[in-house]
Amino acid sequence: MPSEKSHYVPAPPIPTYDEATGGNSSSVRPDWPPPPSPIDTRPDHETEAQSLLPSHTRQADSSRHAPNGYRPPYVESDDDGSQWTLEDDDSDHGEGARVRRDMQELEVEDPLDGSSSRSSSSWRKRIASSLPQWKWRWRLPRITVRLPRQNDGANTQDTETSNTRRCRWPNINSAAAILLVGRLLAVFLILGFLYLLFMSDLFSNMTRRIGGQMFDPEAVRQYVQQNIDSGMMRNTLNHFTGYAHIAGTEGDYALAMDVRNDFMKYGLEDVSVDEYYVYLNYPKEGGRAVEIMSEDGKEAKWKAALEENEVGGETAGRQTLVFHGHSKSGDVRGPLIYANYGSREDFKRLSDKGIDTKGAIALVRYYGTQGDRALKVKAAELAGFAGCIIYSDPAEDGFLKGETAPNGRFMPADGVQRGAVSLMSWVVGDVLTPGWESKEGQPRMTKEQTKGLVKIPSIPLAWRDAQVLLQHIQGFGEPCPDEWRGGVPDVEWWSGNSSSPIVRLKNEQDENERQEIWNIYGKIAGIEQNEKSIIIGNHRDAWAFGATDPNSGTAVMLEVARIFGDLVSRGWRPLRTIEFMSWDAEEYNLIGSTEFVEKNLEALQKNAFAYINLDTAVSGQEFHAAASPVFRKVLHKVLDRVIDPNFNTSLRALWDERNAELEGLGAGSDYVAFQDIAGTSSIDILFSGAAHPYHSAYDNFDWMERVGDPGFIYHNLLGQVLGLLILELADRPILPFDMSNYALSLGRYLGNLWQWGEEKGVNGRFKLDPIKDAIHEVENAISEFEKWEISWEQTVVASSGWEPVGLGQRRCDYNSRMALFETGLLDLEFGGGIPNRTQFKHVIFGPQLWSGYDEAYFPAIRDAVDAEDWPLTQKIIDKTAAIITNAAKALLE
């Protein structure tokens, strides 16, 4: 409440012109002064002003006229002809009403008028001063608020009446309505035009142009190359090799959470953990044995040491036990028979020599004519053996090749190569859910139903133990030919036979048909085609400490993820989405990546543009790449930029010096599901050396730091290659696929198939002409298809670097058709795929039935030829030709 001392006394109102010029007011107003109000108790100086406002309307003195038509002025800024006022025209009668209106325009209050207020709001001013001068006077409804006064108690009833809100809506004539509607239509037209602009790609093109100025592509490439930190990768590898982390174990889970936390720390988006429930096995302490039994079979004359020497260095847990993943449990005995590399041809030779192998124990060596350890065991099973032992021979991996670990690259006498013996080229992924993801609630096969497991027990062995076994079969069976003789010292090479010493093979293990595993994902969303993705994958699980396989790849992937996360924090974004994925249980049968692909198959076939794989990433100085032919051009471009400091030249120069080419994709790593099932163009990159202690406890951090990659130089170079590949694939306006090279490669693959058939002497049994004609269709289609890219470049150059409206959408469609060419080579009809192995859908790439790790072109045709089923062979040839032709046509549609 304001105090009486600060009470504001308003100025008297302005008199009218007639009152001011009317002379002595006493002659006009004989009743002046008016009698005091009986209810007004204020003193005279407060009621004095009341006399200036007459209580009734009077006519102006008609005897007084202004010269020359002069009119008395009044305060008004509206058009005089305004037809719309706050009050009805009928209420503006007389001089008093006009004076009150003028006072309102000047915001002069009558202190005695209860409808007046001592305070004024800014919105109370007439809006005619700020709005255009329309042809009507438009006054907002007024809300008058009166501040409290000292005598409010006496005038409560009058105050309630005077402080009521007056709100009268204006009357609008037809002209005003038409103009208002017209203005509203204009507003809607403008909004619609802006909407069409934003829905087109004009603003996105402008954004890309501005972004290109803010983030010059060359500057981004240099930033990526210069910021690869060898020290960071060294620390990452040291941590990841600190303890064993077989799939599904505590060590594996701990590292899964480390990858998840790193993805989040680096700023990747949608970081998630994807669990699957799969069949895994684990060795039992004391559950495995290889023994030479006494003649009566009651006791062991000799026991193999089995385990590797302790190499040390672990920060937790212990060194892993020696075993085969997905091996068959069992305790079997039989005569020992040596079978060279364990290929089907080797077992056939034994049979041809009359050696009975039924119920025997096979002893075979790694590598050679049968590189897949699982197929060695399967061939032994089919030959009637009861069990299979696989050892590392010095002739392929030991002292005869060079210095051994821990100071060299080759397997020492106690070194053991672990690994899985699930039939990867027959069933990939979880062997109990072939073709669908292993999630809770999904149907599952039994171990007896699946085709992905061998049916005899097996175990890996060091050559120090194999030496004793080979010495005990001396003089049994047939002397071995030279090509069967290995490098184990102090051995006379004999095959053995049914009379050989009895050997016991024991393999008791823990088995879990629903073991939980963990894939980890993180991504950077693109700004143009965010549904299209470039995927980078590396598996995390290892048979032991895994310095080379796989955690050199883990260190490189995490370092590149860190750098790209840093770019995003600075405002950079790729055109297409970049996804980083850490797979689990790759060592068992490519499980993690395959389950992901099976779960997301349709989305990957539509939207996955490329997959880059890191596995045994760094073990030496020589760069290798196995890939779909589309990567040739972009890989050469990247290799031109990366300099090897040890040779002081580019990786491209070193590549050309040894006449290197893109190698074919076999079935050895996580690219299999992407390339062969989803039809996503894939590439596997690595630096390799003469050898490394593969799947052994000797593949640890100490070996990597001293032997594998001292100074982590090649980790750094591979990080540069990976980072630049990602930039080229994810941020080039035109996807840099070498489609012409794909057409040329198809011709080479067909020539390779013809040569293979010629060596077998079977080319007269079928005709390859349909595929030859289809490849010509591809060549013509690609030649026509690539003309658009030239046209696009010319248009953009002619527009001073701007991409005209609508051209961006056509460019995105061009990219999609380019990427979908690979997907178009899948056999997607119901029941399609390689016969009896229908998980594999690609008609060009895929594992051969009996050659899992090696690349194989046209695998379905080769399988049919091996089976000598000539009608099926020709049927597959014709079907393959039709699929290739349709893929070519899709490029131009």
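**Close-up views of a predicted protein model**

View 1. Strand β1 (residues 269-293) pairs with strand β2 (residues 300-303) in the antiparallel sense, over three bridges. Strands are DSSP runs of E of at least two residues, helices are runs of H or I of at least four, and both are numbered from the N terminus. Two strands pair if DSSP finds at least two bridges between them. Glu291 stands opposite Lys303 in β2. Six residues lie between the strands of this hairpin, and Gly297 in the turn has a positive phi of about 75°.

This is a predicted model, in which local features need pLDDT of at least 70 and side-chain atom pairs count only at pLDDT 80 or more, while totals for chains, interfaces and linings use all residues. Residues are numbered from 1 along each chain as its sequence is written, and side-chain values use heavy atoms, with hydrogens and water left out.

**View 2. The largest nonpolar core.** This core holds 158 residues. Phe580, Ile612, Phe623, Ile685, Phe737 and Ile771 have the most contacts inside it. Helix α23 (residues 713-731) gives the most to this core, with 11 residues. A nonpolar core is a set of buried Ala, Val, Leu, Ile, Met, Phe, Trp, Tyr and Cys residues joined through side-chain atoms within 4.5 Å. Buried means under 20% relative accessible area (1.4 Å probe, protein chains only).

**View 3. Around Ile685.** Contact means heavy atoms within 4.5 Å. Neighbours within four places in sequence are left aside. Ile685 is then in contact with Ile612, Asn613, Leu614, Phe623, His624, Ala625, Leu718, Val721, Leu722 and Leu725.

**View 4. A second core.** A separate core of 50 residues includes Val290, Val421, Val468 and Leu469.

View 5. Cys480 counts as buried because its relative accessibility is 5%. Cys812 has a relative accessible area of 9%, so Cys812 is buried too. A search of the whole structure finds zero disulfides (pairs of cysteine sulfur atoms within 2.5 Å).

View 6. pLDDT is the predictor's confidence in each residue, from 0 to 100. Over residues 45-71 pLDDT stays under 50, and the model has 22 contacts beyond four places in sequence for them. Residues 204-213 also stay under 50, with 11 such contacts. Where pLDDT is low, the predicted coordinates should not be read in detail. The mean pLDDT of the protein is 85, and 78% of its residues reach 70 or more.
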